[in-house]
Amino acid sequence: QVQLVESGGGLVQPGGSLTLSCTASGFTLAHSAVGWFRQAPGKGREGISCINTDGNTYYTDSLKGRFTISRDNAKNTVYLQMNSLKPEDTAVYHCATSPLCAYDYDYWGQGTQVTVIV
């Protein structure tokens, strides 16, 4: 069964860091581009970052420098390192797969909650 599972979310204070994981089962994640998205309460889904199979990475301009995407093909996992977190980063974070970044995404995880509390 094809499945993506996000983990690593939680509560953090402003300025703190979290690392989210997106782990695949039932298929080889190395064969897919993987994107991270987030959706805050009452807002639409926002694309954050994407990593292609060749390791090339892309970020939305507003988050460049604070967030870093990476992949460990041996662990079938893609990570999102988030630093200097702000209250406005509070959202449910999802990962999804695609043949290439900027193509349509096919498989989605259920999401992990990140809450930045003052």
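A polar contact is a pair of N or O atoms within 3.5 Å; within protein, one atom must be able to donate a hydrogen and the other to accept it, and residues adjacent in sequence count only if both atoms are side-chain atoms. The views below show a predicted model.

**View 1**
Glu46 belongs to strand 5, which covers residues 45-51. The side chain of Glu46 makes a polar contact with the side chain of Arg38, at 2.7 Å. Residues up to four places away in sequence aside, Glu46 touches Trp36, Phe37, Arg38, Thr60 and Ser62. Pro87 lies 41 residues from Glu46 along the chain, and the C-alpha atoms of the two are separated by 16 Å.

**View 1. The hairpin of strand 4 and strand 5.**
Strand 4 (residues 33-39) pairs with strand 5 in the antiparallel sense, over six bridges. One of the bridge pairs is formed by Gln39 and Arg45, the latter in strand 5. Five residues separate the two strands of this hairpin, and in the turn Gly42 has a positive phi of about 75°.

**View 2. The hairpin of strand 5 and strand 6.**
Strand 5 is also joined to strand 6 (residues 57-59), by three bridges, and these two strands run antiparallel. Ile51 stands opposite Thr57, a residue of strand 6. Here too a hairpin is formed, with five residues between the strands; Gly55 takes a positive phi near 90° in this hairpin.

Four strands, in the order 1-3-8-7, form an open sheet with antiparallel pairing. Its edges are strand 1 (3-7) and strand 7 (67-72), each of which pairs on one side only. From one strand to the next, the twist averages 15°. Strands of a sheet pair through backbone hydrogen bonds, in either a parallel or an antiparallel arrangement. Six bridges hold the antiparallel pairing of strand 7 with strand 8 (residues 77-82). Within this pairing, Phe67 stands opposite Met82 of strand 8.

Most residues other than glycine have a negative phi. Asn76 has a positive phi, near 55°, and is not a glycine. Asn76 sits in the loop between strand 7 and strand 8. With a relative accessibility of 16%, which is under the 20% limit, Asn76 counts as buried. Ser84, likewise a residue other than glycine, has a positive phi near 50°. The loop that holds Ser84 runs between strand 8 and strand 9 (91-98). The relative accessibility of Ser84 is 40%, and Ser84 counts as partly exposed.

**View 3. Thr90 in the loop between strand 8 and strand 9.**
Thr90 lies in the loop that links strand 8 to strand 9. The side chain of Thr90 reaches the backbone nitrogen of Val116 at 2.9 Å. Neighbours within four places in sequence aside, the residues in contact with Thr90 are Ala40, Pro41, Gln113, Val114, Thr115 and Val116. Thr90 counts as buried because its relative accessibility, 19%, is under 20%.

**View 4. The whole chain, for orientation.**
The chain has 10 strands and zero helices. Along the sequence the pattern reads β-β-β-β-β-β-β-β-β-β. The radius of gyration is 13 Å, close to the 13 Å that the globule rule gives for 118 residues, so the chain is as compact as a globular protein of that length. Taken along the principal axes, the C-alpha atoms fill a box of roughly 40 × 30 × 25 Å. Of the 118 residues in the chain, 44% are buried. Among contacts between residues at least 6 apart in sequence, 55% join residues at least 24 apart.

Conventions: Residues are numbered from 1 along each chain as its sequence is written. This is a predicted model: local features need pLDDT of at least 70, side-chain atom pairs count only at pLDDT 80 or more; totals for chains, interfaces and linings use all residues. Side-chain values use heavy atoms; hydrogens and water are left out. Contact means heavy atoms within 4.5 Å. Two strands pair if DSSP finds at least two bridges between them. Axes are lines fitted to C-alpha atoms, for helices over the stretch in contact, and angles run from 0 to 180 degrees between N-to-C directions. The radius of gyration is taken over C-alpha atoms; the globule rule is 2.2 Å times the number of residues to the power 0.38. Buried means under 20% relative accessible area, exposed over 50%, partly exposed in between (1.4 Å probe, protein chains only).
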